[in-house]
Amino acid sequence: MTKSDSPQPADDDAVKRRRRLAEVFGDVLPETTSDERGGGPEADREAWYRENRPPHHGG
C-alpha cells in the first residue's frame, strides 16, 4: 500500500473540523450578495428614511 492509497488522518480531522465549524457558525460568506439577489423588502433601504424625513430637512 502506498502513501497515497491510505487515508490521511490529518485530512479526516480537517474535514471533521470544517464540518463542525459549519454547524456552529453556518456559512461565513453567502453564495450570493444582496446586490445579486435584488428584489425583496430590503431592495430600497433608504425609502423609509425618505418617507419619514422631517419637513425641516427639505428635499
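**Figure 1. Phe25 in helix α1 of the predicted model.** Phe25 belongs to helix α1, which covers residues 9–25, in a model that is predicted. The side chain shown here is exposed, because its relative accessible area of 61% lies above the 50% over which a residue is given that description. Together with Leu21 and Val24, Phe25 makes up a nonpolar surface patch of about 300 Å².

**Figure 2. The salt bridge between Glu23 and Arg20.** Side chains of opposite charge can pair when their charged atoms come close. In this view Glu23 and Arg20 form a salt bridge, in which the closest N and O atoms are 3.5 Å apart, and the count for the model comes to 1 such salt bridge. Because Glu23 and Arg20 are 3 residues apart in helix α1, about one helical turn separates them. Both partners are exposed, Glu23 as well as Arg20.

**Figure 3. The aromatic pair of Trp48 and Tyr49.** A pair of aromatic rings is described by the distance of the centres and the angle of the planes. By the rule applied here, the count comes to 1 aromatic pair. Trp48 and Tyr49 are both exposed.

Figure 4. The protein chain contains 3 helices and 0 strands, and its elements, read from the N terminus on, follow the order α-α-α. Among these elements, helix α1 has the highest mean pLDDT, at 87, whereas helix α2, made of residues 34–37, has the lowest, at 76. For the protein chain as a whole, the mean pLDDT is 76, and 73% of the residues reach 70 or more.

**Figure 5. Surface and burial in the protein chain.** How much of the protein chain counts as buried? Of its 59 residues, 2% fall into that class, for which a relative accessible area under 20% is required. The accessible surface of the protein chain amounts to about 6,100 Å², and carbon and sulfur atoms account for 52% of this surface.

Terms used: Residues numbered from 1 in each chain as written. Predicted model: local features only at pLDDT ≥ 70, side-chain atom pairs only at ≥ 80, totals over all residues. Heavy atoms only, no water. Patch = residues over 30% accessible without salt bridge, like charges linked within 9 Å, V, L, I, M, F, W, Y side chains within 5 Å. Areas by Shrake-Rupley, 256 points an atom, 1.4 Å probe, with all protein chains shown as cover. Salt bridge = Lys/Arg side-chain N within 4 Å of Asp/Glu carboxyl O. Helix = DSSP H or I, 4+ residues; strand = E, 2+ residues; numbered from the N terminus. Buried < 20%, exposed > 50% of the residue type's maximum accessible area, 1.4 Å probe, protein only. Phe/Tyr/Trp six-rings, centres within 6.5 Å; stacked < 30°, edge-to-face > 60°. pLDDT = per-residue confidence, 0-100.
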